[in-house]
Amino acid sequence: MDNDVRQLRNVAGLSQQALGERLGVSRQTINAIEQGRYDPSLPLAIRLARFFGRSVEEIFHCDD
């Protein structure tokens with residue numbers, strides 16, 4: 001699944017560590033999501049979307 005987490009994080013001026021702390025996950029989790037190696041759980045995807053003021057569908061894109 002593709003996502004815009006890295007772009008949104010960069011625009012917000014946050015490091016992976018800072019974003020992880022704000023969402024209650026590790027820097028490694030944020031890195032894995034950005035690299036497409038890990039699809040977040042639904043609760044984490046919703047937290048990311050709310051944090052960035054977007055819908056889940058705006059951040060995560062199915063790679064059909």
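What covers the buried residues of helix 3? In this predicted model, the cover includes strand 1 (2-3), helix 1 (5-11), helix 2, helix 4 (42-52) and strand 2 (60-61). The buried residues in question are Ile-30, Asn-31, Ala-32, Ile-33 and Glu-34.

**Helix 2 and helix 3**

- Two packed helices are described by the angle between their axes and the distance between the axes.
- For helix 2 (residues 16-23) and helix 3 (residues 27-35), the axes come within 8 Å and cross at roughly 110 degrees.
- Helix 2 is therefore roughly perpendicular to helix 3, since angles of 65 to 115 degrees count as such.
- On the helix 2 side the contact involves Gln-16, Gln-17, Leu-19, Gly-20 and Leu-23, which meet Arg-27, Ile-30, Asn-31 and Glu-34 of helix 3.
- Sorted by class, this contact has three nonpolar, four polar and two charged residues.

**Nonpolar core**

- The largest nonpolar core has 15 residues, of which Val-5, Leu-19, Leu-23, Leu-48, Ile-59 and Phe-60 touch the most other members.
- Helix 1, helix 2, helix 3 and helix 4 are the elements that each give two or more residues to this core.
- Helix 4 supplies the largest share, five residues.
- Leaving aside residues up to four places away in sequence, Leu-19 touches Val-5, Arg-9, Leu-14, Ile-30, Leu-48, Phe-51 and Phe-52.

Methods: Residues numbered from 1 in each chain as written. Predicted model: local features only at pLDDT ≥ 70, side-chain atom pairs only at ≥ 80, totals over all residues. Heavy atoms only, no water. Axes fitted to C-alpha atoms, helices over the stretch in contact; angles between N-to-C directions. Helix = DSSP H or I, 4+ residues; strand = E, 2+ residues; numbered from the N terminus. Parallel < 35°, antiparallel > 145°, perpendicular 65-115°, else oblique. Contact = heavy atoms within 4.5 Å. Nonpolar A, V, L, I, M, F, W, Y, C, P; charged D, E, K, R; others polar. Buried < 20%, exposed > 50% of the residue type's maximum accessible area, 1.4 Å probe, protein only. Core = buried A, V, L, I, M, F, W, Y, C linked by side-chain atoms within 4.5 Å.
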